Amino acid sequence: MDIKEFLRGALTAPEKGDTVEYFNLKARVSGNVLTNAQRNIPSPGYTYEADVTKFWEEFQNLKKNCGYHLTFNTVMMRVLAEGLKAAPRLNAHLEYNHTASCGRLIVKKHINVAMPVVLESGETFPINVRNIEDKSLKEIAEQIDDLMYRLSVTNFDSVMFDTISQRMVGFVLKGKIWSSFRQITTGYFGKYKVGRIRDLFKPVERHEDSLGINEVNEGTVCLTNWGPLYKEMNGLVTYTPLLYPQVFLMAVGNMRDKEEAFRNEKGEVDLKAKKVLPITLIFDHRIGGFNDVMPFLRKIDEIFANPEILREW
């Protein structure tokens, strides 16, 4: 082993034939958010399988007769909103000072749901469905359709640059000047750069319907739905990081049929089929404990047990 090979192994450097992919602008933004989450948020999770047999039937009937584009994801977003109204402390941002061991919880007035969507390229991109606390299913569905259209005409680098600029200002105002300086310089100099200084002075072409910062930021809560991404998925979402500074996330898996044993009227063991929906709830333990999540659970259990409420939404 020569010295070059020794040093390459020590640095875990790429070898000949390896493919190296540097983070693009989008990956830098999401990587920063997720790293902050892992470093800063002590978050437990709770996963359960909800019996949605009757709820699914009610949704299918509503979808056929509602007269607008309705998806199950839209319905689950309204379920999330109803649960948050019963447990408002979950719809919040948390600011915490590690040095002083103190912080504050900012319970948000509006429910703004960050929802990852899949682009044609196969990448995921977050959109922020805003102010849904008092909106009907039809209004939420129309808002999502509008966001998807606007996403299709958006210059991603442009909106990501705006987002990064806003966050850099926030870091500076919070005293994180060195961190801001490092992120800015590595963005335009060196092998990790994602842009050129001269591009800052070039006019950027933007469609008039392009998404803005408010439609791509973290929102107040996150709904992630892995089910449609891989319909054959037969497992549970066990953990996914919170989007800092959020304190709550609901992850929905793939609905599936499941047989359950029960005793019939004759006292004999029998089987019945039901539809189950795996739901995982991730929360920041610093806001309190599982008692803060229980009102949310009670509310969505009530909804699944009484699916006719969909007709009122």
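Of the 313 residues in the protein chain, 41% count as buried (under 20% relative accessible area, with exposed meaning over 50% and partly exposed in between, using a 1.4 Å probe and protein chains only). The model is a predicted one, where local features need pLDDT of at least 70, side-chain atom pairs count only at pLDDT 80 or more, and totals for chains, interfaces and linings use all residues. Numbering runs from 1 along each chain as its sequence is written, and side-chain values use heavy atoms, leaving out hydrogens and water.

The chain's secondary structure comes to 8 helices and 9 strands (DSSP runs numbered from the N terminus: H or I of at least four residues for helices, E of at least two for strands). As for contacts (heavy atoms within 4.5 Å), 69% of those between residues at least 6 apart in sequence join residues at least 24 apart.

Asn 131 sits in the loop that links strand 5 (124–129) to helix 5 (137–152). With a relative accessible area of 30%, Asn 131 is partly exposed. Setting aside neighbours within four places in sequence, Asn 131 touches His 110, Ile 111 and Asn 112. His 110 is 21 residues away along the chain, yet its C-alpha atom lies 5.2 Å from that of Asn 131.

Asp 292 belongs to another loop, between strand 9 (269–283) and helix 8 (294–305). Asp 292 counts as buried, at 12% relative accessibility. Beyond neighbours within four places in sequence, its contacts are Ala 87, Arg 89, Leu 90 and Ile 287. With Arg 89 there is also a side-chain to side-chain polar contact at 2.8 Å (a pair of N or O atoms within 3.5 Å; within protein, one must be able to donate a hydrogen and the other to accept it, and residues adjacent in sequence count only if both atoms are side-chain atoms).
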